[in-house]
Amino acid sequence: MTSIAFQGEWGAYSEEAIHQFFGSDVTTQPCRSFKGIFEAVESGEAEYGVLPVENSRAGSINQAFDLLLDHDLRVWGEILLRVRHALLAPPGTALDDVRQVRSHPHALAQCERYLSNRGWKAESAYDTAGSARDLAADPEPGVAAIASRLASQRYGLEELAYGIEDAILNYTRFFVLSQKEPPRAQRNKTSIVFAARHEAGALYECMGEFAKRHINLTKIESRPRINRPWQYIFYLDFEGHCRDPECEAALMGLLRRSSFVKLLGSYAAATM
């Protein structure tokens, strides 16, 4: 059975993303850190890893992108998961009984209006699924947790409410990581990282390699170069496969104009 590594506890949103992409007939392997995902796939302990890279509200996850640069795994696919928060409590708890809600600070912030309208106290926890697991193991009167619907099934908690997030368009983007090359799809996306030369117009010229070939860029973001203060690297996503003639030509042009280029992967583009 396919084994897939993810960061967090069973019932995490990353595990929901795994089920959305691969189905439920897989083995999921929780890791303590993002780095643990890479180590599990590199060692062969897991065939794939699922790594969150950005959220539609909070932006990019910098640590994830730094690890993509430091390791040589391929981006094998992408997942767009709509994050829907559930209010979970021990069996027998009624909604009117709730006085305090625990979850990761991001989840609490994303449900702030819902919580404040009810006058409930928010208490931070290290993890959404972890807060559900701990509440199931040690129930407390009047205490609920915000986590995924999958967490309620994992830990035997009752779902008191669902879809309690303040913004309905709350998506997290995940990369599926593998040591293998993904199959070419009908609609592809490519992710790269590169460094422009430290001279006037360098970034403009790099971007021009894509513009003059009418290649649509879907993301560009800068990150500091760890070993070179005040210099930057750029993460770039564009539509198309690296072996498409126009995309291949753009990458060759970028190689001539930049300090370095690393291909993270060409993979099937996800749809919302």
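Which helix or strand gives the most to the lining of the largest pocket? Keep that in mind while you get set up. The model is predicted, so local features need pLDDT of at least 70 and side-chain atom pairs count only at pLDDT 80 or more, while totals for chains, interfaces and linings use all residues. Residues are numbered from 1 along each chain as its sequence is written, and side-chain values use heavy atoms, with hydrogens and water left out.

**Stop one: the largest pocket**

Select Gln7, Pro52, His104, His106 and Asp127, which lie closest to the centre of the largest pocket among its 29 lining residues. The space here is about 800 Å³. A pocket is an open set of points on a 1 Å grid over the protein atoms alone, where a 1.4 Å probe fits, with protein on both sides within 12 Å along at least five of seven lines; lining residues have an atom within 4 Å of a point. Points are joined across faces, edges and corners, and the volume is the space filled by probe spheres set on them.

Now colour helix H4 (105-110), one of the elements with at least two residues in this lining. H4 is the top contributor, with three residues. Helices (H or I, at least four residues) and strands (E, at least two) are DSSP runs, numbered from the N terminus. By class, the lining has 13 nonpolar, 13 polar and three charged residues; Ala, Val, Leu, Ile, Met, Phe, Trp, Tyr, Cys and Pro count as nonpolar, Asp, Glu, Lys and Arg as charged, and the others, Gly among them, as polar.

**Stop two: the second largest pocket**

Next, pick Glu54, Leu80, Arg173, Lys189 and Met272, the residues nearest the centre of a pocket lined by 15. Its space is about 300 Å³. Here S11 gives the most, with three residues. The lining splits into four nonpolar, five polar and six charged residues.

**Stop three: the open sheet**

Show the four strands in the order S13-S14-S12-S15, an open sheet with antiparallel pairing. Strands pair if DSSP finds at least two bridges between them. At the edges are S13 (217-224) and S15 (258-268), each pairing on one side only.

Zoom in on S12 (residues 188-196), which pairs with S15 over nine bridges. Asn188, for one, has Ala268 in S15 as its bridge partner.

Touching means contact, with heavy atoms within 4.5 Å. Helix H9 (residues 245-257) also packs on the sheet, touching S12, S14 and S15.

Definitions and conventions: Axes are lines fitted to C-alpha atoms, for helices over the stretch in contact, and angles run from 0 to 180 degrees between N-to-C directions.
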